[in-house]
Amino acid sequence: CAFIGKLVFFFLLVKPFKAFSIVLSNIIFFYLLPLHASLLYTVIPVSGGWSPLSSDRYQWLEVDLGERTQISAVATQGRYGSSDWLIAYLLMFSDTGHNWKQYHQEDGIGVFPGNSNADSVVKHKLQQPVIARYVRLIPLDWNPNGRIGLRLETYGCPYDSDVVSFSGHSSLVYRLSPRPRISKESISLNFKTLRNSGILFHAEGQNQQSITLELEKGKLLLLLQKGRSSSPDSRHLVSLGSLLDDQHWHYFAVEHHSTHLNLTVDKTTLWVQIPSTFRQYDTNKKKPHSTGFSFYLTLTGLSTNRNLYGCLENLLYNGLNLVYLAKQKDQRVTGNVTFSCAEPVSVAMTFTGPQSFLWLPWMTGSSSGGMSMGLHFRTWNKEGLLLTFDLPERAGVVWLYLSKARLCLQIHKPGSALNDGQWHNVELISRRGHVTVAVDGDEGATAHTSPSLVITKESNLFYGAIHEQSCEAYKHKGNTSGYYYIDVDGSGPIKPQLIYCNMTGSRHTRPNTNTPCRHPCVSPLRSIPHFEYTSQDEQLMAIVSQSEHCEQEVAYHCRKSRFLNTPGLQVDISNFVLSY
């Protein structure tokens, strides 16, 4: 295919191409408009090309090709007569201009190397052509002795497609005439949707054999079935792909051979053996063959509650464009669909790392002071911040986040620490499925439960969970030896500490220590080790002061040394010197 766009308007007289427009982050001077961003642009006596006002990674140049186009290559050049050129950049593509997808080569690398000077042209052929209307180039690195500077060309050819849209309840039914047995049958299509579930097509053939392609939780499921039974012997299920509900076009193809299937999703192909129960034998040639799925094909029409909500494009059955037949009102086709693909208002965004964020200005609420926020999210991470904002009049900060794969809402208010030794009032109100929690007369959090949270007189309410003040208290409650939290001052300021309680003898308490293995010698006859306790000093002093008897064991191990000639040990614990 030939080139499809130079970013300069008067080259239309030399090499005609379809109209396009350019959008960019900003420009530095008026004569550096995007219309000058063409390769080899040297007509006007000023520097030609695009250069943004600020040279940083927040800049971009966007080209609208006017319609969806098959893009095969891009070429870059520095800004004419300057020290401005790109060293590396990213490419993004979109059908709508707001739902973007980064291009990656087959090796997974998404960064394109740029130029080494302002004059040479560097062209990159895309390993897989991209179908898109919008192209966005994002600079990553540029000449350290200059600025971001760019002249750009894109190469490709027109792209023809037949699109059909499904509302979740609509369908298309094709009743195709029987065809002679062939060695290979194929069905291919492109699809895109924001819903994670829905049937794409269902085909039936001879002997009650059928094949169904369904999207389930963002994965494609291909189901082979014989008869109406749901037994494992009559069903064969194959899973392909993941996260396919991203509102980007995805390619699917199935080639039906006599003994196997070739399944392709985007760039990945899977070979699947057809179980013997789905094959028959030719009585003349004594060879297995498949009965085919040629007679009844339904697009998203098995049931009204499982149909696809999205779009299909270029549905081909053995090379026959079935969407085109439907547009031509072919008698073999029945259904109620729209031959266009509407784009949703919502846009999906990907946060690529812990430093990624989206900042939005605060919107003024209604006159009553109320506001509402909503979002959809998906992640494999168990932890992560979803939303945070400041309350009006510096009343506090709200965090909505994931913790251990659970959704948490936290409201932090200045001076709102509740461990100040004072009485605090807590009210929990359950009404009509809503739970309201008020602390000290302030409704700080509201949650909605589904199914509704109902508290009845038969329900059990548990209060407390205060730690005991000694191991003796745990022993009287019937607890056996183990680790327990001891709160020596009850509701006082000292935090509880985890202690091993020995319930078998008279000694109950044993704090943990981190005993060092080696210590440097201050002199040949003296060593000063430091013992680090897991408990804090105030916790140790509190538990020691409340104990009737306290002792500590220190073990000394030495190799190739005469123990009788070593000096004695002295241990200093908070100004108490103990000799051993």
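Analyst: N143 is counted as buried because its relative accessibility is 7% (buried: under 20% relative accessible area, 1.4 Å probe, protein chains only). The model is predicted, so local features need pLDDT of at least 70 and side-chain atom pairs pLDDT 80 or more, while totals for chains, interfaces and linings use all residues. Residues are numbered from 1 along each chain as its sequence is written, and side-chain values use heavy atoms, without hydrogens or water.

N143 sits in the loop that links strand 7 (122–142) to strand 8 (151–158) (strands: DSSP runs of E, at least two residues, numbered from the N terminus). Its side chain comes to 2.8 Å from the backbone oxygen of S83. Leaving aside residues up to four places away in sequence, N143 touches S83, W85 and I87 (contact: heavy atoms within 4.5 Å).

Burial also marks strand 22 (residues 309–317): seven of its nine residues are buried, so the strand is largely enclosed by the rest of the structure. Strand 9 (residues 163–167) pairs with strand 22 in the antiparallel sense over five bridges (pairing: at least two DSSP bridges), and here V164 lies opposite L312. Strand 11 (residues 185–193) is also antiparallel to strand 22, over six bridges, with I187 opposite Y317.

Y317 also stands opposite L320 in strand 23. Strand 23 (residues 320–321) runs antiparallel to strand 22 and is joined to it by two bridges. The two strands form a hairpin with two residues between them, and N318 in the turn has a positive phi of about 50°.

Notes. Helix = DSSP H or I, 4+ residues; strand = E, 2+ residues; numbered from the N terminus. Buried < 20%, exposed > 50% of the residue type's maximum accessible area, 1.4 Å probe, protein only. Polar contact = N/O pair within 3.5 Å; in protein donor to acceptor, adjacent residues only side chain to side chain.
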